[in-house]
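Please look over the model shown here before reading on.

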Amino acid sequence: MVFSYAVRAVYVESCSMFVRGGVYRAVKMSLGGTLAKFSVSALMFDYILTGPISGVAAGQYLAGLINDLLQYFHVSGPLSSGTVSLIAASFAIVVTLYFWWEKHQGRC
C-alpha cells in the first residue's frame with residue numbers, strides 16, 4: 001500500500017507537469033528503473049484481473065436483461081443460476097477474445 005501511494009503521488013505530480021510516457025516513464029524519472037518495473041508489473045496485473053472480472057459483471061447484467069425480457073414476453077420462466085453463469089462467462093470470454101484480437105491486429 002505504501003508503494004502504491006508513492007507511485008500514485010509521483011504519477012499525479014508528473015501529470016501536473018505534463019511528463020509524457022505514462023506510468024513507467026514517470027516513475028522511472030522519479031524513483032528509478034527498478035521501482036518503475038514494479039509499478040508497471042502491478043498495473044499489468046491489475047489489467048489482467050479487472051478485464052475478465054468486468055466482463056463477467058457485464059455478462060451478468062446481460063443475462064439479467066435476457067431473463068427479464070423472456071419473462072416479459074412470457075417465453076419462459078426465470079433462468080436458472082447455471083444458465084446465468086454460463087451466459088456471463090461466455091460473454092466475458094467473447095469480449096476478452098475480441099479485445100485480444102483487436103490488440104494483435106494493431107487497431108486498439
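1. The model is a predicted one. Two packed helices are described by the angle between their axes and the distance between the axes. Here helix α3, residues 33-72, packs on helix α4, residues 81-105, at an angle of about 135°. The two axes lie 7 Å apart.

2. Angles over 145 degrees would count as roughly antiparallel and those from 65 to 115 as roughly perpendicular, so α3 and α4 are oblique to each other. The crossing in which α3 passes α4 is right-handed. On the α3 side, the contact is made by P52, G55, V56, A58, G59, Q60, L62 and A63. On the α4 side, V84, I87, A88, F91 and A92 take part.

3. Sorted by class, this contact between α3 and α4 has 10 nonpolar residues, 3 polar ones and no charged ones.

4. α4 has 25 residues, which at 1.5 Å a residue should span 36 Å. The end C-alpha atoms of α4 are 36 Å apart, so the two values agree. After α4 comes G106, with a positive phi near 85°.

5. Which residues of α4 are buried? They are A88, A92 and E102. α3 is included in what covers the buried residues of α4.

6. L62 belongs to helix α3. Its relative accessible area is 32%, which lies between the 20% and 50% cut-offs, so L62 is partly exposed. Between the C-alpha atoms of L62 and V84 the separation is 9.0 Å, and the two residues are 22 residues apart along the chain.

Key:
Residues are numbered from 1 along each chain as its sequence is written. This is a predicted model: local features need pLDDT of at least 70, side-chain atom pairs count only at pLDDT 80 or more; totals for chains, interfaces and linings use all residues. Side-chain values use heavy atoms; hydrogens and water are left out. Axes are lines fitted to C-alpha atoms, for helices over the stretch in contact, and angles run from 0 to 180 degrees between N-to-C directions. Helices (H or I, at least four residues) and strands (E, at least two) are DSSP runs, numbered from the N terminus. Angles under 35 degrees count as roughly parallel, over 145 as roughly antiparallel, 65 to 115 as roughly perpendicular and the rest as oblique. A crossing is left-handed if the near helix is turned anticlockwise from the far one by less than a right angle, and right-handed if clockwise. Contact means heavy atoms within 4.5 Å. Ala, Val, Leu, Ile, Met, Phe, Trp, Tyr, Cys and Pro count as nonpolar, Asp, Glu, Lys and Arg as charged, and the others, Gly among them, as polar. The expected span of a helix is 1.5 Å times one less than its number of residues. Buried means under 20% relative accessible area, exposed over 50%, partly exposed in between (1.4 Å probe, protein chains only).
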